[in-house]
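Me: I would like to learn how to read a structure, one feature at a time. Could you take me through this one?

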There are 2 protein chains.
Amino acid sequence: MASPIMAARTAAPCFERWRNPTKGTGSSARLAVVQTSPTEEAVSDSCEGLSEGTLQALQKVEHLASFPAGAIIFMEGQPARGVYLLRQGRVKLLTTNSDGRTLILKMAKPGEALGLHSVITGTPYDLTAEILQPAELAFIPHADFLKCIDEHGDACLHFANLLSRDCQAVYGLARSIGLCRSVPERLAHFLLDWSTNGSAMDGVVRVKLALTHEEIAQLIGASRETVTRTLSEFKRQQTIELNRSTLVLRNKAALESLVAL
Amino acid sequence: MASPIMAARTAAPCFERWRNPTKGTGSSARLAVVQTSPTEEAVSDSCEGLSEGTLQALQKVEHLASFPAGAIIFMEGQPARGVYLLRQGRVKLLTTNSDGRTLILKMAKPGEALGLHSVITGTPYDLTAEILQPAELAFIPHADFLKCIDEHGDACLHFANLLSRDCQAVYGLARSIGLCRSVPERLAHFLLDWSTNGSAMDGVVRVKLALTHEEIAQLIGASRETVTRTLSEFKRQQTIELNRSTLVLRNKAALESLVAL
DNA sequence: AAGCGAGAGTGATCGAGATCACGCAGAAGA
DNA sequence: TCTTCTGCGTGATCTCGATCACTCTCGCTT
């Protein structure tokens, strides 16, 4: 089952945070592993273009599981026990430092592989994966995974693609937190980036933003209060609208003009 | 030869910077491509563990070239024409925003592949590669590279490894610029990180630091002046010594205590 | 209905660090 | 030998955003 091993860097305060995850349903959440039989459909879902043989090889070694929101899939510092293929739901990839500050590095979507680079390099996970929206994951143990990509060239290529996209995403993140000096700039950049998942209608983009201000703050490296204030300012300027968890970009151009990337 | 295409994001001031690279030897520098015959030794150098067949396939499609310091290998926004394998020297991977600010994302060492993820995803280069120390590179054109990793499983695996290490490095960078709030903290982290290439003797690490304060500033996301001031402060506290380009970490523990990663 | 807790909104304060504006030294070239 | 240029050292300001300390408003549970 889930390994309880924790790296030295995982200091007490952080651990407390993890024991009581933001929206967690208690400790049982993290252990909720529902075994279901792998279905053909689920696999082809996120592994388009793989050969029959490869798909079957993957199916043989994978374990499907469902997790509720708040569950922790793996934690920074644990030995990389395997790769998790995200089939359904949303997963938050984050890192914390010893005084409890959190940086969210990525919001993973279905089709992505979690822990991939750690498994390939054979080093401990360097991120923590927390379920944001109830998710379905296929777990492939370390050894089986390496054997599989060694034997199946198309699988290797597929994962090289995923890795490449990962790289691009992180470079983008580094650029945005390293080059956008002001919070309004980073926030504008984030909103524009997030809204690419939304629906545009004559210049006005509408998209679901099911995140707390706290989470947005951790995504752009700012404090919760400044996020609140800056969002208010954007609303005041009619640049955005924000009811419940629906975000409307009224004036996309205004946001873009803020970003000097 | 080098494609002159530039993305819209490449605004005038940035371009001016590129036309006059820091330590460049003028515009001719960027065009200095010296064709030499590929040697067996050079290849095995950075591609340990590849099969004979794969090595030969690589040799057939690669073009060796030498570049002087200051030369630009490729620029952010250009279509990804191929992968550059770094054989000798040092390369600076950076990104700039429209008001001229620069962030250095990585200092590449021999054995690394430049432009790898862009070629695999088939998107334009998202970084600029500038020679820091005179370098020798093997260029593999886009199509040849993809064909090669498609046909040779071990090559694919090898590059997946490089990609994974890239990922790790960038996650590390994002963590350090996103989680280390103060400049002293980031600078300490940088010095510790950099010193892993140095020689340690009873607690005192000695390493070459052939970088200007400006470059260090761009590596940790700070201004040149604050880097100067913070380095002075470290010297004053006897934490480090810095003569010419030789860095001596007198008190590694002091630096480590500053970093809350 | 009452209590609770999480998230959001706001004000006041204060310090780190960006920015500007210099002087200075050593290397490179004329 | 005399400029020039690039990189380093420093002082004076001033702004942005972190932090602290609240209140208020929803949903939920009980």
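**Reading the model step by step**

Reply: Among the contacts in chain A between residues at least 6 apart in sequence, 75% join residues at least 24 apart. Keep in mind that this is a predicted model.

Me: What does the secondary structure of chain A come to?

Reply: Chain A has 11 helices and 10 strands. Of its 261 residues, 41% count as buried.

Me: How do I read the length of a helix, such as α7 of chain A?

Reply: Start with the general idea. An α-helix has 3.6 residues a turn, so residues three or four places apart point the same way. Now the case here. Helix α7 of chain A covers residues 153-179, and its 27 residues should span 39 Å at 1.5 Å a residue. The end C-alpha atoms are 38 Å apart, which agrees. In chain B, helix α7 also has 27 residues and reaches 38 Å from its first C-alpha to its last, close to the 39 Å expected.

Me: Is α7(A) largely enclosed or largely open?

Reply: Because 21 of its 27 residues are buried, α7(A) is largely enclosed by the rest of the structure. As for α7(B), 21 of its 27 residues are buried, and that helix is mostly covered.

Me: How is the packing of two helices described?

Reply: Two packed helices are described by the angle between their axes and the distance between the axes. Take α9(A) and α10(A): the angle is about 105° and the axes are 8 Å apart. That makes α9(A) roughly perpendicular to α10(A). From α9(A), the contact uses His213(A), Glu214(A), Ile216(A) and Ala217(A), and from α10(A) it uses Arg224(A), Val227(A) and Thr228(A). These residues divide into 3 nonpolar, 2 polar and 2 charged.

Me: At what angle do α8(B) and α9(B) pack?

Reply: The angle is about 105°, and the axes are 10 Å apart. That makes α8(B) roughly perpendicular to α9(B). Here Arg186(B), Leu187(B) and Phe190(B) of α8(B) meet Ile216(B), Leu219(B) and Ile220(B) of α9(B). This contact has 5 nonpolar residues, no polar ones and 1 charged residue.

Me: Which residues are closest to DNA strand C?

Reply: Of the 17 residues that surround DNA strand C, the closest are Thr212(A), His213(A), Ser182(B), Ser223(B) and Thr226(B). The elements giving two or more residues to this surface are α9 and α10 of chain A together with α8 and α10 of chain B. The largest share, 5 residues, comes from α10(A). By class there are 4 nonpolar, 8 polar and 5 charged residues near DNA strand C.

Me: Which residues come nearest to DNA strand D?

Reply: There are 15 residues around DNA strand D, and those that come nearest are Ser182(A), Ser223(A), Thr226(A), Thr212(B) and His213(B). For this surface, α10(B) gives the most, with 5 residues. The surface near DNA strand D has 3 nonpolar, 8 polar and 4 charged residues.

Me: What about phi?

Reply: Most residues other than glycine have a negative phi, and most peptide bonds are trans. Arg244(A) has a positive phi, near 50°. Arg244(A) lies in the loop between β9 and β10 of chain A, and with 8 C-beta neighbours inside 10 Å this residue counts as exposed. Asp202(B) also has a positive phi, about 30°, although it is not a glycine. Its place is in the loop between β7 and β8 of chain B. With 4 C-beta neighbours inside 10 Å, Asp202(B) counts as exposed.

Methods. Residues numbered from 1 in each chain as written. Chains lettered and ligands numbered in written order. Predicted model: local features only at pLDDT ≥ 70, side-chain atom pairs only at ≥ 80, totals over all residues. Helix = DSSP H or I, 4+ residues; strand = E, 2+ residues; numbered from the N terminus. Expected span 1.5 Å × (residues − 1). Buried ≥ 20, exposed ≤ 12 C-beta atoms within 10 Å, placed from the backbone. Near = placed C-beta within 6 Å. Nonpolar A, V, L, I, M, F, W, Y, C, P; charged D, E, K, R; others polar. Axes fitted to C-alpha atoms, helices over the stretch in contact; angles between N-to-C directions. Parallel < 35°, antiparallel > 145°, perpendicular 65-115°, else oblique. Contact = placed C-beta atoms within 7 Å.
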